[in-house]
Amino acid sequence: MIHGKNIIGFNLSSQGSTTFQTFSPLTLEEMPELFVQATAGELEEAVNKSASAYAEYKNKSGKERADFLRLIAEEIELLGDNLIRRACAETGLPEGRITGERGRTVNQLRMFANVLEDGYWVEATIDPALPDRKPLPRADIRKMLRPVGPVVVFTASNFPLAFSTAGGDTASALAAGNPVIVKTHPYHAGTNEMVAGAIVRAAHKSNMPDGVFSSLNASDFSVGQGLVLHSKVKSVAFTGSFAGGKSLYNLAQKREDPIPVFAEMGSVNPVLLLPAKIEENVKELSATIASSINLGAGQFCTNPGVLIALKGAETEAFKRELVVNIQKLLPETMLHKNISVSFEQKTKEFFDNRVVDKLAESENEVAEMKGQPVVATVKGRDFVANPALADEIFGPFSLLIECDGEDELLKVVDSFSGQLTASVFCTSEDVQNYKSSITTIQEVVGRLIFNGVPTGVEVGYAMQHGGPYPASTDGRFTSVGVDAVKRFVRPVSFQDAPDEYLPDELKDTNPLGIWRRVDGELSKEPVKR
């Protein structure tokens, strides 16, 4: 049963009079349940509970927090097919996609649990005292990463599970020792409620404090803005559009005490198609690119929105094959009617530009709420002269830039601002011949991919999902993988602190048995004063 209420710690609340419904892209109708938008009073209660919970939760051991995360994963799995059906109904995404996304969600929760038990992530560092050092003695100084306080998570429209209520932002913030307040996405509020309930049940079972997690409903900007401006909120995570992320970032900087907003704001993920690689297997390459453009109706932050190639016989062959593959693509369901309308409007506006030509579009019937795959072409010099052509179009769209020689190729590559990814399809010969262009594009991306499409983000230890602005607000951090936890911590040094006061990670005896950097060397051994 969907109750539609706000979840404030361990309590349900519905004090407001404003309600909204979710829309199903499958039935093209609103779903029956009413969701009650949080009031200013409920927002205040949620933040105050979160701040109170922080005082206790930050001191929970790594093992206790790991148990909590594993219980969340178990509770999500116990929701079974009901969760899958609800997420499909609210997003139009196929069952296989949602099932896989649920697996990713619970796996990343368990990954962070393992990291917590390992303990190395806190970067415990000890510089023992050197009282006899000349000309000046050295004090005993110990440092580690500590949580920051309540974190607000804005859920993503295109990932109702993995970048949503219990997704990577929530998992990493909880792992770091911070309570979380989720601002529900109105496109999949029912899915959110089911997962939020699973988190609360896990919090009960693992004896976590009331307020360690809350979820507030909202269909407008008021609740999100109120959360960002609240003095007890210490950090914000967002995945979505550039406009949305930038507005939250600007809002946070207006506070008396500005806080970080870790916003992942998408990109066009340029794909560099080099001549020897095209010639090697043009049919396979064109099919791979076409499939990636249409994957999930193009509704990925890693969609290949720009293709770059040199003019020549190889590129002409690639274009012919790409036309065939694009024309065969089946239009897929888009997430929401607002997204569908926006895609249609933006592609229409794009082709109003005289320097752009349409290369191909799907020839299959395009029903309501379906995104028609389309590829455009533009000359390299015209692309450089029209920076707006590099703006993201959220949907199954890509722009092929044809460069007249290596110099123009380098100018095109050099014109890009920050991106999440760039892909390079190349042979060894291409790497040698176009090394300057490859090196140049590396400077503006968080992940450089060789002979692979950008769609698909592995959750692991080496992943970087975040790039220089405007792909994200701070390209030093990732929203996917183990290092995502570092967004919600700060380093704290303890100088000449008594052992009984120190966190276990920094105590002389190393009771947790974790790896620490002691006087510059990694060690698990105790430290003598």
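## The second largest pocket

The second largest pocket holds about 590 Å³ of space. A pocket here is an open set of points on a 1 Å grid over the protein atoms alone, with protein on both sides within 12 Å along at least five of seven lines. The volume is the space filled by probe spheres set on the points, which are joined across faces, edges and corners. Lining residues have an atom within 4 Å of a point. The lining has 28 residues, and those closest to the pocket centre are Lys58, Met144, Arg146, Pro503 and Glu505. Two or more lining residues come from each of α2 (62-78), α4 (95-118), β8 and β23. Strand β8 gives the largest share, four residues.

By type, the lining divides into 15 nonpolar, four polar and nine charged residues. Ala, Val, Leu, Ile, Met, Phe, Trp, Tyr, Cys and Pro count as nonpolar, Asp, Glu, Lys and Arg as charged, and the others, Gly among them, as polar.

## How the model is read

This is a predicted model, in which local features need pLDDT of at least 70 and side-chain atom pairs count only at pLDDT 80 or more, while totals for chains, interfaces and linings use all residues. Residues are numbered from 1 along each chain as its sequence is written, and side-chain values use heavy atoms, with hydrogens and water left out.

Helices (H or I, at least four residues) and strands (E, at least two) are DSSP runs, numbered from the N terminus.

Two strands pair if DSSP finds at least two bridges between them. Strands of a sheet pair through backbone hydrogen bonds, either parallel or antiparallel.

Seven bridges join β8 (residues 141-147) to β23 in the antiparallel sense. Lysine 143 has serine 493 of β23 as its bridge partner.

## A covered strand

Five of the five residues of strand β15 (residues 306-310) are buried, where buried means under 20% relative accessible area, exposed over 50% and partly exposed in between (1.4 Å probe, protein chains only). In a regular strand the side chains alternate between the two faces of the sheet. In β15 both faces are covered, with Val306, Ile308 and Leu310 on one side and Leu307 and Ala309 on the other.

Strand β15 has parallel pairings with β14 (residues 271-273), over three bridges, and with β20 (residues 397-403), over five bridges. Leucine 272 is bridged to isoleucine 308 in β15, and alanine 309 to glutamate 402 in β20.

## Helix α6

Helix α6 (residues 189-205) has 17 residues, which should span 24 Å at 1.5 Å a residue; its end C-alpha atoms are 24 Å apart, so the two values agree. The expected span is 1.5 Å times one less than the number of residues. Because 14 of its 17 residues are buried, α6 is largely enclosed by the rest of the structure. Just after α6, asparagine 207 takes a positive phi of about 60°.

## Backbone details in the loops

One runs from lysine 134 to proline 135, with omega near 5°, and proline 135 is in the loop between β7 (125-127) and β8. Another joins tyrosine 469 and proline 470, with omega about 10°; proline 470 is in the loop between β22 (445-450) and β23. Glycine 452 is also found in the loop between β22 and β23, and counts as buried at 17% relative accessibility.

Methionine 369 is not a glycine, yet has a positive phi of about 70°. Methionine 369 lies in the loop between β17 (357-361) and β18 (370-371) and is buried, at 5% relative accessibility. Aspartate 519, also not a glycine, has a positive phi of about 50°. Aspartate 519 sits in the loop between β24 (516-518) and β25 and is partly exposed, at 45% relative accessibility.

How values were computed. On a 1 Å grid over the protein atoms alone, a cavity is a set of points where a 1.4 Å probe fits but cannot get out, and a pocket is an open set with protein on both sides within 12 Å along at least five of seven lines; lining residues have an atom within 4 Å of a point.
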